[in-house]
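Hi,

Here is the structure we talked about, for you to open and turn around on your screen. Have a look first, then read on for what turned up in it.

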Amino acid sequence: MSDERPILVTGAAGGVGAVGRTVVELLRRTGLPVRALVHREDERAEALRAVGAEVVVGDLSRAPDVVRAVEGCRRMYFGMSVSPEYLEASLTTAMVARRYGELDAFVNMSQMTVSQMDLMSTEESVHQRYHWLAEQALNWSGVPVVHVRPTVFMENPLFMVLAVSSIKKDGTIRLPFGSGRTSPVVAHDVAEAVAAILRSPGAHVGKVYELTGPRSRDLTDMAAEFSEVLDRPVTYVDVPFGEWVEQSLRPLKLPPHLFDHVVTMARLHAKNRYDRVTADVELLTGRPASDIREFFEFHPEL
């Protein structure tokens, strides 16, 4: 088959950190043909067309839509926002890729929590459990899968919304992490890693990559980093968990599935489950993981 066959990118319209959209842009910059799957026709779809992507509108939980998207593609990236439909969509996509696809790589966006889970794990969120189950199904399916497991994104509501908001308000980071350490990764780094795999997947099939920021530290040290970059005092306030849920998180009015996921991430941070550092960003992209200064460069609106 000709290498002119497109690379399918799902979740291309956005989501936390807009990884799918950035993957499309990175692949198009190197002239690769891209088919972008979006959930609805809107201005984001038009923006994808503007960079030269073929846009397909569809629902990842509907097999006919997925068949139409996968048909004729040589590689694909599967990524989807936190959603109650995630497990159904991932299994549907895996089945379509196995039965109808002629793929030489299926890059699956998972999350690092999976590396600490097994069949009997009970502490994780429903969505984290979905990621664990999806990985098992993809491994069983026989498709040429590559699992990408980022840790918490800097663009997660914990940091992008709540921490940034309290810094703007009174120079504090108000989160219930205690002395837990964390190594959030910038979404653009994750997109660059995915794009690198999609460009040349041969050596990556069957592997798992765990993506973190450049260092793991507690929130006191992270506040000091924010203070240096912003050139203003920033301190960490360890808020009691229940108070934080009711006064900071619940007012965001997140959908129940996402609320459960963010609450669980905060609880697992306090249990030090995010104290992880790897060099996989640099291994895949050829440069070290981005720090907080570079995070603000990617998000000048902050």
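A term to start with: a residue is buried under 20% relative accessible area, exposed over 50%, and partly exposed in between (1.4 Å probe, protein chains only). Asp275 is partly exposed by that rule, because its relative accessible area is 32%.

Before we go further, two notes on the ground rules. This is a predicted model, where local features need pLDDT of at least 70, side-chain atom pairs count only at pLDDT 80 or more, and totals for chains, interfaces and linings use all residues. Residues are numbered from 1 along each chain as its sequence is written, and side-chain values use heavy atoms, with hydrogens and water left out.

**Salt bridges**

A salt bridge here is a side-chain nitrogen of Lys or Arg within 4 Å of a carboxyl oxygen of Asp or Glu. How many salt bridges does this rule give? The count comes to 19.

Asp275 pairs with Arg181, and their closest N and O atoms are 3.7 Å apart. This one links distant parts of the chain: Asp275 is in the loop between H10 and helix H11 (280–285), Arg181 is in strand E8 (residues 181–182), and the two are 94 residues apart. (Helices, H or I with at least four residues, and strands, E with at least two, are DSSP runs numbered from the N terminus.) Arg181 is partly exposed too, at 31%. There is also a network, in which salt bridges that share partners join Glu123, Glu124, Lys271 and Arg273.

Arg49 and Glu46 form a salt bridge with 2.7 Å between the closest N and O atoms. Both sit in helix H2 (residues 43–50), 3 residues apart, which is about one turn of the helix. An α-helix has 3.6 residues a turn, so residues three or four places apart point the same way. Arg49 has 32% relative accessibility and counts as partly exposed, and Glu46, at 44%, is partly exposed as well.

Arg75 and Asp104 make another salt bridge, at 3.1 Å from N to O. Arg75 belongs to strand E4 (residues 75–78) and Asp104 to the loop between helix H4 (86–99) and strand E5 (105–109), so the pair ties together parts that are 29 residues apart in sequence. Is Arg75 buried or exposed? Arg75 is buried, with a relative accessible area of 10%, while Asp104 is partly exposed at 33%.

**The inside**

A nonpolar core is a set of buried Ala, Val, Leu, Ile, Met, Phe, Trp, Tyr and Cys residues joined through side-chain atoms within 4.5 Å. The largest one has 37 residues, and Val19 and Leu27 touch the most other members. Helix H7 (residues 187–199) gives the most to this core, with 8 residues. If you click on Leu27 and skip its neighbours within four places in sequence, you'll find contacts (heavy atoms within 4.5 Å) with residues including Ile7, Val34, Ala195 and Leu198. Apart from that core lies another, of 33 residues, among them Leu158, Val186, Met222 and Ile292.

**Helix ends and loops**

Asp170 lies in helix H6 (residues 157–170) and is partly exposed, at 42% relative accessibility. Its side chain is joined to that of Thr172 by a polar contact of 2.5 Å. A polar contact is a pair of N or O atoms within 3.5 Å; within protein, one must be able to donate a hydrogen and the other to accept it, and residues adjacent in sequence count only if both atoms are side-chain atoms.

Most residues other than glycine have a negative phi. Asp231, though, has a positive phi near 55°; this residue is in the loop between helix H8 (219–230) and strand E11 (235–238), and it is exposed at 70%. Asn272 has a positive phi near 65° and is found in the loop between H10 and H11.

Cheers
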